[in-house]
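This report is an introduction for a reader who is meeting the structure for the first time. Please keep the sequence and the 3D view at hand while reading.

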Amino acid sequence: MSPLDLATVRARDRDPWQKLEIPTFEHMISMPCHEQARHSTCAVQDMAARFSLPAWASRINAACFASVIDFDDMCSAAQGVEGSEGVVADEEAALICLAGALDFGSGWRDELRCFHGKSAWQTVKQGIENLSLMCPELRADWLSNLAASDVAKVFGLEHAEGLDEFVQLLLRVLNELGDSLMRRSCRSLSEFMITLLEEVRGDAQAAAKMVRALADTFPTAFKDQSFIKHLPIYFYKKAQDVVYELYERFHLQDSRFDFPDVDSLTGSVDPIIISILRKEQVVMTTRDLAMAIEGEVALPSGELAEVSLRAAAVAALEDITLPPGTLSQIAGSMVATCLPLLCTHSHPCPLTV
């Protein structure tokens, strides 16, 4: 055996990913976005157990946890979440989309707290309110022409040390919204949302098509995909959150928002959900990752620990959404919404987004 071949064998012995055949997930390319998320996060759990990834879902513990959840209470809690009344859905839909696109920034939480004492979401919320006041229709050309100095002013981040990267990412997303709208000959974000809603009205796959349209049109904001080794792991969290929020807010008052397939969306995973699932030992972690989480060490977005933890939580929700002894699935989005209402939990996991 040549030295090169011997080195390859030794490398495979050290790295189980090289030692065994790994699927490519190519069959998932043609799936709807939410099914890509469901299949990729669940499929990687088999390999997580075999290869000792930093986090994985325990299907046995998920089944045990599901067996003690009162799903009637969960459904009641979900029904207790009221939609908006007395608002113009067309105007609000664009703001919900904008809020979803800009829902990030926890990686700068320390810098933000130090600068003005606000969280990432409080900072973004202030910026969205200012944007809507300055240009209520959120015109495409206006979004496209925003500069870094405009964003810093609108989001209250002028002269903020250590937050230039955050400002640049906000600018990138806002400019992409404008550029993409103009490529589609849409004059505003509101017009885009109205057109999209009309296109999917009455469609059995309306929610899935909404998610796909958001991800394809605004990839920086909504195409939420990472990798574990060479395997694509899909999430599409923010796009699914936008669609579910539109449904919750308006489906009782406007038929355009009554998406028949909304229950097929995957559950929205955030630090609180992960905290609950870890507490119930549905999501398991290595000792090193557990210590990092308990020490509130930020997990950088896209790195193995963060991706495997998110994937484990999404897969765990999929197991929980099929109550033992039943044939009907509870919506993953409903479980994610109601778990914090039904469970006590520890401090949120410090994901970086």
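## Surface and overall build

What does the accessible surface of the protein chain come to, and what percentage of it belongs to carbon and sulfur atoms? The accessible surface comes to about 17100 Å², of which 52% belongs to carbon and sulfur atoms, with areas taken from the Shrake-Rupley method with a 1.4 Å probe, where for residues only the protein chains shown count as cover.

The model is predicted, so local features need pLDDT of at least 70 and side-chain atom pairs count only at pLDDT 80 or more, while totals for chains, interfaces and linings use all residues. Residues are numbered from 1 along each chain as its sequence is written, and side-chain values use heavy atoms, with hydrogens and water left out.

The protein chain has 19 helices and 4 strands, which are DSSP runs numbered from the N terminus (helices H or I, at least four residues; strands E, at least two). Of the 353 residues in the protein chain, 50% are buried, where buried means under 20% relative accessible area, exposed over 50% and partly exposed in between (1.4 Å probe, protein chains only). Among contacts (heavy atoms within 4.5 Å) between residues at least 6 apart in sequence, 75% join residues at least 24 apart.

## Helix H17

In helix H17, which spans residues 287-294, the buried residues are Leu289, Ala290, Ala292 and Ile293. Seen down the axis of H17, these buried residues fall within an arc of 160°, so they line one face of the helix; the arc is that of the directions from the helix axis to the C-beta atoms.

On the other side of H17, Arg287, Asp288 and Glu294 are exposed. The cover over the buried residues of H17 includes strand S1 (55-57), helix H16 (271-279), strand S4 (283-285) and helix H18 (304-320). Just after H17, Glu296 takes a positive phi of about 60°.

## Aromatic rings

The count comes to 7 aromatic pairs, where rings of Phe, Tyr and Trp (its six-membered ring) pair if their centres lie within 6.5 Å, and planes under 30 degrees apart count as stacked, over 60 as edge-to-face and the rest as tilted. The rings of Phe192 and Phe218 have their centres 5.2 Å apart and their planes at 70°, so this pair is edge-to-face. Both Phe192 and Phe218 are buried.

The rings of Tyr234 and Tyr236, with centres 6.1 Å apart and planes at 5°, form a stacked pair, and both of these tyrosines are buried. Phe104, Trp108 and Phe166 form one aromatic cluster.
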